[in-house]
Amino acid sequence: MQPLLKVEGLKKSFGGVAALRDGRFELEAGSVHALCGGNGAGKSTFLSILMGIHKRDGGTILHRGKPVEFSSPAEALRSGIAIIEQELSPVPHMTVAENIYLGREPSTRFGGIDFKTMNRNAQALLDRLEFSISAREYMMNLSVAQMQLVEIAKALSHEADVIFMDEPTSAIGEKEAQHLFSAIKRLKAEGKGIVYVSHRLSEIFQIADSYTVFRDGGFVGAGKLADIDRPGLIRMIVGRELGEEYIKTNTPTETAGLEVSGLSAPGKIEDISFTARKGEIFGIYGLMGSGRTEIFNCLFGMDRPSSGAIRLDGQAVSIRQPSDAMAEGIAFVTEDRKVTGLNLTDSVRNNICLASLPEMSPAFVMRRSEEQSASADMIARFAIKAARDTMPVSGLSGGNQQKVVLGKWFLRQPRVLLLDEPTRGVDVGAKREIYRIICDFAASGGTVVMISSEIDEILGMSDRILVMRQGRSAGIHGRQETDAQSLVHLST
Amino acid sequence: MTSIENKTASSWLNSDRRRLIVQEYGIFLAFLLLVAILSVSNEFFLTPGNISNVLLQTSINGVLAIGMTFVILTRGIDLSVGSVVALAGMVSASFVTSSATAGIAGAPYPMVVALAAGILVGVGCGALVGLIVSRFSVPAFVATLGMLSAARGATLIYGGGKPVPALSPEFRWIGTGNILGIPMPVILLAAVFLVSWWVLTRTRFGRYIYAVGGNPHAAKTSGLNVTRIRFMVYVISGALSGLAGMILSARTGSALPQAGIAYELDAIAAVVIGGTSLSGGVGRVTGTLIGALIIGVMNNGLDLMGIQSYYQQVLKGALIVGAVMLDQKRNQGV
């Protein structure tokens, strides 16, 4: 059978640096194909060429056996290749139907928009896909997961038969991800080809039929997922043996590090109590919007709790603003490093020093040698790959950016580390390193509280797990006494 | 001068590293190019008298533009500087004029009192705007637009719509005097520049400003008091507007109610030409100074060539837009 999409020898360089040397890919109709690779493997370049954003330097793309060439995303879409991007960009003040038919609105006899036909067609499309979204709803009232479904509907309204999904689950919860997967299964049954790009291996094994691995800009291998196991796939992605995915080196002590009792913030969280011990990695699991991040916001002074007490090393503390929390030795690695973690336009060095500026300038004037050595220390300690520490942090890969955020907080030598999705958008290799950093910190007596929506990660790393559901605690469980199913069950 | 030009031309095509240098110092090279062209085409341009004149013309806009740089670095804008110039100029002048003119008992006061009054007016206006922007989250554009109107009105009320003569010679010395032949306004601009450069590049507060402008959320999670930093930049811009207002009154010998109209535009232009990003977090006060000098040199050069001031405005408009277009292109390239 002729493949739906066949790519061979795709090449692309940026300013003399090869981003993609040999992109090869073959997609069958009616299948889900996972595109895997670490950061910098060439996946994004590959996607942007197929989308028509970048022009290829060499290679062929065959769509249903015919060579194609796109110079814009619109052209790619017209020929039937659609991409659901990681960060969606809907028009929020327009309805679902208007978004789906943007730029192709059916017109009435007098040249106006035929809203009736548009809404009817959109609704028919959504119903066919069983998305249970109203075509007349405004985009801004939808959840991220629903917006993704609308994007999929939009792609299908263009008669697309190849649909790329770039990290579609990075911003949605476990339950919504399952909805997405059933939508993907329906598309597959309709004979579409879906290319699934994700760092989350468990999802790949759940949803995809076959895989292609890129590494360092080149094709490494491809095959059926039925013929490979998880360690085997990791080995291909990373290019070397990594051993166990989660190695725990910490042992919880009996001393309480962080005690939280009766923490409440109206409309966000209610009556949250837990004790994280020194040397412990305390996990918090829950869906998006279940109040996970809100706990951290209250602990770190970003938000004011209406009631509740916080004790550090047995001492009651009062935290009104982030600087109070920092003075008590709390560090907070936020959920989205680009939005709340880093100043992307600034250098690696300045970002590392960002949370320690008063300490580095006792007399108002910055001590530059101190900054320099602090940044050099953190770069060495966490093996941050940067050409110079004066380069903008935006030029680093996701994993290295995340290590810069960790460096910023470790520089303060914290007692308690609050981690919100510490490995989101980070490749397998860098994930290991981050796990090692977290474990080392706990092993040396630090207290770690970690939020994650990746169930393997939370089970693999945590000593105990607090499950959040609708702003309330659904119980605390030891890692031995629980499993993925019961966590998902408790959280929904 | 010509050797520099040749170097620029060749490096544009050659190595990446040289291109980086051009990107980094492009504005400085553009300035040198402009100076080179003018000195070749007009023998009067490079005379000490004319240089001193250009610097003098640039000094007020330079001081305002430096204050504006602080604000724009935090993603803000200050449209009120021209009106604050007028108000501060008038209030300070009223302290050194005869009591009959200004209605201030005991005037004329010593220069120091007038200086303090002018700066205080600027600080007060800046603090009010800063409070509105930082505490009440009113967009800077709106808050300073309000102050642009209010401070102008206050100037008219304060002076009864009439000019106030600044009689005291020691006060007038700030605008007309010189030290070792260097005009006082130029010395003040140099001082303001040096202090600002030091604050922005060497101190904790400077780091705060870049962090707040680059990513206010990240700044907040890193424990910075974003509200206070936002407040402070408007106070700085206000204080420098106050200083500029006094220089203006001292130079002209009289505080006019319509002084400083549209000065905010030249100040913003200097900042933008100097490469500071309106989206915050990126920019340098050195660039701003050169931006102000480019505007000053261009105006002067066109004057020397006998080109009408109407055309100068059109050219300045083109220059601002062109500078930002180049900046956009260079940001895409990186």
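Which residue in β19(A) is the bridge partner of A:Gly283? A:Ile465 is that partner.

## The model

This is a predicted model: local features need pLDDT of at least 70, side-chain atom pairs count only at pLDDT 80 or more, and totals for chains, interfaces and linings use all residues. Residues are numbered from 1 along each chain as its sequence is written, while chains are lettered from A and ligands numbered from 1 in the order in which they are written.

Helices (H or I, at least four residues) and strands (E, at least two) are DSSP runs, numbered from the N terminus. Two strands pair if DSSP finds at least two bridges between them.

## The annotated stretches of chain A

The UniProt annotation "domain: ABC transporter" comes from an unreviewed entry. UniProt positions follow the numbering used here, feature names are shortened, and annotations may be inferred rather than shown by experiment. Over residues 247–490, chain A is 34% helix and 25% strand. The end C-alpha atoms of this stretch are 26 Å apart.

## Antiparallel pairs in chain A

Strand β1 (residues 5–14) of chain A pairs with strand β2 (residues 17–27) of chain A in the antiparallel sense, over seven bridges. Here A:Leu10 has A:Gly23 of β2(A) as its bridge partner. β1(A) also pairs with strand β4 (residues 58–63) of chain A, again antiparallel, over five bridges. In this pairing A:Lys11 is partnered by A:Gly58 of β4(A).

Strands β9 (residues 210–215) and β10 (residues 218–224) of chain A are antiparallel too, with six bridges. A:Tyr211 stands opposite A:Gly223 in β10(A). These strands form a hairpin with two residues between them. In that hairpin A:Asp216 takes a positive phi near 50°.

## A six-stranded sheet

Chain A has an open sheet of six strands with mixed pairing. The order is β16-β17-β18-β13-β19-β20. Its edge strands are β16 (330–333) and β20 (472–478) of chain A, and each pairs on one side only. From one strand to the next, the twist averages 15°. Within the sheet, β13 (residues 281–285) and β19 (residues 464–469) of chain A pair in the parallel sense over four bridges.

Two helices meet these strands. Helix α17 (residues 484–491) of chain A packs on the sheet and touches β13, β19 and β20 of chain A. Its direction makes about 30° with that of β19(A). Helix α9 (residues 292–299) of chain A lies across β13, β16, β17, β18 and β19 of chain A. α9(A) runs at about 145° to β17(A). Axes are lines fitted to C-alpha atoms, for helices over the stretch in contact, and angles run from 0 to 180 degrees between N-to-C directions.

## Two packed helices in chain B

Helices α4 (residues 81–95) and α12 (residues 226–252) of chain B pack at about 55°, with their axes 7 Å apart. α4(B) and α12(B) are therefore oblique to each other. Angles under 35 degrees count as roughly parallel, over 145 as roughly antiparallel, 65 to 115 as roughly perpendicular and the rest as oblique.

Residues making the contact include B:Val84 and B:Gly89 of α4(B), and B:Gly238 and B:Leu248 of α12(B). Two residues are in contact if their C-beta atoms, placed from the backbone, lie within 7 Å. The contact residues divide into ten nonpolar, eight polar and no charged. Ala, Val, Leu, Ile, Met, Phe, Trp, Tyr, Cys and Pro count as nonpolar, Asp, Glu, Lys and Arg as charged, and the others, Gly among them, as polar.

## Where the chains touch

In the model, 22 residues of chain A are in contact with 17 residues of chain B. On the chain A side, α10 (322–327) and α11 (337–341) are the elements that give two or more residues. That side divides into 13 nonpolar, eight polar and one charged.
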